[in-house]
Amino acid sequence: MSQFNWNDSITIISKLSFRRLWNAIKVLSSYYVSKWIKKPIQWGYPISISFEPTTSCNLRCPECPSGLRSFTRPTGMLQQSFFKETIDQLYQELLYLVFYFQGEPYLNPDFLLMVQYASKKNIYTATSTNAHYLTDENSRKTIESGLDRLIISIDGTTQEVYEQYRVGGQLQKVIEGAKNIVAWKKKLKSKTPFIIFQFLVVKPNEHQINEIKILGDEIGVDAVWYKTAQVYDFENDPNQLIPTNDKYSRYQKTSNGTAFKGKLTNHCWRLWHDPVITWDGFVSPCCFDKDAQHKLGNLQQKSFKEIWDNGDYTKFRTSILTGRKNIDICSNCSEGTKVWG
């Protein structure tokens, strides 16, 4: 199982139009010009967006604000009417739509209807799930919705190991859900979604890295990806999650303790092409602003295009270009530290 998949790549390419391609060229060009002159220039509109279906979750994972119920922002569900209004503003330029930020998407009863709406606009759609709600019926509806990519979080091959991070979860439900989605994909003779097992490598499960590949093969998923874990208090690691295998860790031991491996250079591609929209309509700079503390605008009050070009966005892009190390959400960023199977 590898990172590259022809069918998935062809699916993404099939979503391109001249307008979307031209927009992508403009966005990429403005990003490089901004890096060069150290001042934010923004041409075009987002190539990709992450839309949050809900902040609710059925699990209590120890490094997840949704699982820990530690948000300062309210918990709620994305409303279909608001979602449609926003997509109608952006779909002509928008190529890629991620139905995920925090929470479990399948808890939103209108989730698959929103996927279907975006799919009809010929937008590439993706989501990430803990797979506890991939019943036979939901799996069929998922295939029929036109979802292009489905990431299934599976962080162990035995219940004892799995539940050490996925607190409150049942591995058997995840396996059954994965089998359901694979079966319906075959039954409906669908090329989508591209089904991924995502294995968050932590100390309790790192000995099962090879086993998850075997399990993925047995079930028939399209790929297995390994992801490094974000640990908020990495200097103390209170939950003992940092793996001993350096390849799968965002952190390294130094003479002064534990340090983050990442190099915070003064630029970030995400700020030019990939914003986050919370369930209640706030625009956040990226997926590392989990509590949406850096609100750059409210879509309940302004159009997206007004927010994208406003003073708050310009100020935030300027701070990225001049002193990224001073921005709290950047201090633990995984850009460049993801490991693929």
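Predicted model: local features only at pLDDT ≥ 70, side-chain atom pairs only at ≥ 80, totals over all residues.
Trainee: Okay, and where does Q42 sit?
Mentor: Look in the loop between α2 (18–37) and β1 (48–51).

Trainee: Which residues does Q42 touch, leaving out those up to four places away in sequence?
Mentor: You'll find V27, S30, L271, W272, W308, D309 and R317.

Trainee: What makes the link between the side chains of Q42 and R317 a polar contact?
Mentor: Check the distance: it is 3.3 Å, and the cut-off for a pair of N or O atoms is within 3.5 Å, with one able to donate a hydrogen and the other to accept it. The Q42 side chain also reaches the backbone oxygen of W272, at 3.4 Å.

Trainee: How far apart are Q42 and T318 in sequence and in space?
Mentor: They're 276 residues apart along the sequence, yet 11 Å apart in space, C-alpha to C-alpha.

Trainee: What joins the side chains of T258 and K253?
Mentor: A polar contact of 3.5 Å, and the limit is within 3.5 Å. Not counting residues up to four places away in sequence, T258 touches F234, E235, I242, Y251, Q252 and K253.

Definitions and conventions:
Residues numbered from 1 in each chain as written. Heavy atoms only, no water. Helix = DSSP H or I, 4+ residues; strand = E, 2+ residues; numbered from the N terminus. Contact = heavy atoms within 4.5 Å.
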